[in-house]
Amino acid sequence: MPGRTKRKSPLKAPDRPYLALGLEGSANKLGAGIIKHAEDGSATVLSNIRHTYITPPGEGFQPRDTALHHREWALKVIDDCLKQANVSMHDMDCICFTKGPGMGAPLQSVALVARTLSLLYDKPLVGVNHCVGHIEMGREITGAQNPVVLYVSGGNTQVIAYSRQCYRIFGETLDIAVGNCLDRFARVINLSNDPSPGYNIEQEAKKGKRLLPIPYATKGMDISLSGILTSIEAYTFDKRYRPEGVADSSEDDIITPADLCFSLQETVFAMLVEITERAMAHIGSKEVLIVGGVGCNERLQEMMGIMAAERHGQIFATDERFCIDNGIMIAQAGLLGFRMGYSTPLTKSTCTQRFRTDQVHVTWRT
C-alpha cells in the first residue's frame, strides 16, 4: 500500500472498500482505470484500458487532433473499463481526472467527460496532478518506500524526492523533456510512431555500434537537451550517413540510424543517471524509482541499476502497463487524496497546463 514508510502514515485503513475511476488524457494516450482500496489497506487494479492516438511516421500529434481523438474514444474506453472491472458508475466513490500538466485541448476534453459523469451520477470529482499519479502508482506497484524518483516522459523530466508532505524537485530539464527529445529525433529519421517513437528508438539503438561525439549537458542538478538534439540531427546531413545503412567501400566509416539512436540514448541516459545519483547522495537514499513513459526503456533501467548497485542500493521500475500514461495511476493518486478528505468542486474542475509536481499537498504521507 502507498505510504509504506518507517513512520506511521496519516492514511488509515478504509472502513469499507473504496472504488475510484481515473481518467487520463494529458497527451496522445486516453486511459481509464478503476482501482479498489480494501479494508485491509490493499489496493487492487480492477481494470486499466488505454487507447493511443498514433500519427503517420515523421509527424507529431497536434493538440486539436489529439483532443478530437479523446472525444471520439472516451465512451468506448470508459465502457470497456467498467465491463472489465465488472462494476457500474453507481459503484464509484469518486471520479478522478488529470488536472495537469499536459496539452491544453486534450486535458480539457477529458475534464469535460469527468464533469459530465460527475453530474450524471452525482459523484465527487478529484483533480489529480499527472506527475504525482505516476509516482503514487509506481510506489504502489513496486513497494518502494522512500525513493529518489526519476520522472521521465514526453513532456516532463524531473528528479524528485519526498519531504514534509511535498514532492520536491531536485533537478529538471531546462528546455525540452527527454521523451520529447527522443520523439523528435524519431521523426527526423522517419521512424514509425507505432507503438511509440521512443520504443522504436530503443529498438534501433540495440543495433548501434558507434558512440558518436555529441554534447553532454548537465548543469548542476539540471540538464539541457535541445542542443543535444540539434547536434545529433546534424549527423543526418553528414556524407557518411546512410539512412538505410547501405554498405560501400568505406563500410567502417558509415553512420547509420542505429548508431545515432545508440549515441543519443547513451549520452542522455548517462546525464539522467548522474543527476539522480547526486540526489541520492544528498538525501541519503538507497532507492531509485523510475516512472513515466521513458521509464519503460530497458537500457535506462540497466544503466540506473548499475549506478544503484554501486551505491549498494536498489532500482524500482514498472512495465508499460503502468509506466506509459494510464487511467489507473490517476485513480490511485485521486483516491488517496479523496480518502484524506480532498475533492474538487465542479466550479474548480479546470485544467492547468503547467501544474508543477511540487505544488501538490501530499496529505496521505507523513
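Trainee: How many cavities of 30 Å³ or more does the count come to?

Mentor: This is a predicted model, with local features needing pLDDT of at least 70 and side-chain atom pairs pLDDT 80 or more, while totals for chains, interfaces and linings use all residues. Residues are numbered from 1 along each chain as its sequence is written, and side-chain values use heavy atoms, without hydrogens and water. A cavity here is a set of points on a 1 Å grid over the protein atoms alone where a 1.4 Å probe fits but cannot get out; points join across faces, edges and corners, and volume is the space filled by probe spheres set on them. By that rule, the count is 2.

Trainee: Which element supplies the largest share of the lining of the largest cavity?

Mentor: That cavity holds about 60 Å³, and its lining residues (an atom within 4 Å of a point) include L23, H70, R71 and V110. Helices are DSSP runs of H or I, at least four residues, and strands are runs of E, at least two, numbered from the N terminus. Both α1 (63-85) and α2 (104-121) supply at least two lining residues. The largest share, 4 residues, comes from α1.

Trainee: And the second largest cavity: how many of its lining residues are charged?

Mentor: Its volume is about 30 Å³, and H134, L289, T318 and F322 are among its lining residues. Asp, Glu, Lys and Arg count as charged, Ala, Val, Leu, Ile, Met, Phe, Trp, Tyr, Cys and Pro as nonpolar, and the others, Gly among them, as polar. The lining splits into 5 nonpolar and 4 polar, and as for charged, there are none.

Definitions and conventions
On a 1 Å grid over the protein atoms alone, a cavity is a set of points where a 1.4 Å probe fits but cannot get out, and a pocket is an open set with protein on both sides within 12 Å along at least five of seven lines; lining residues have an atom within 4 Å of a point.
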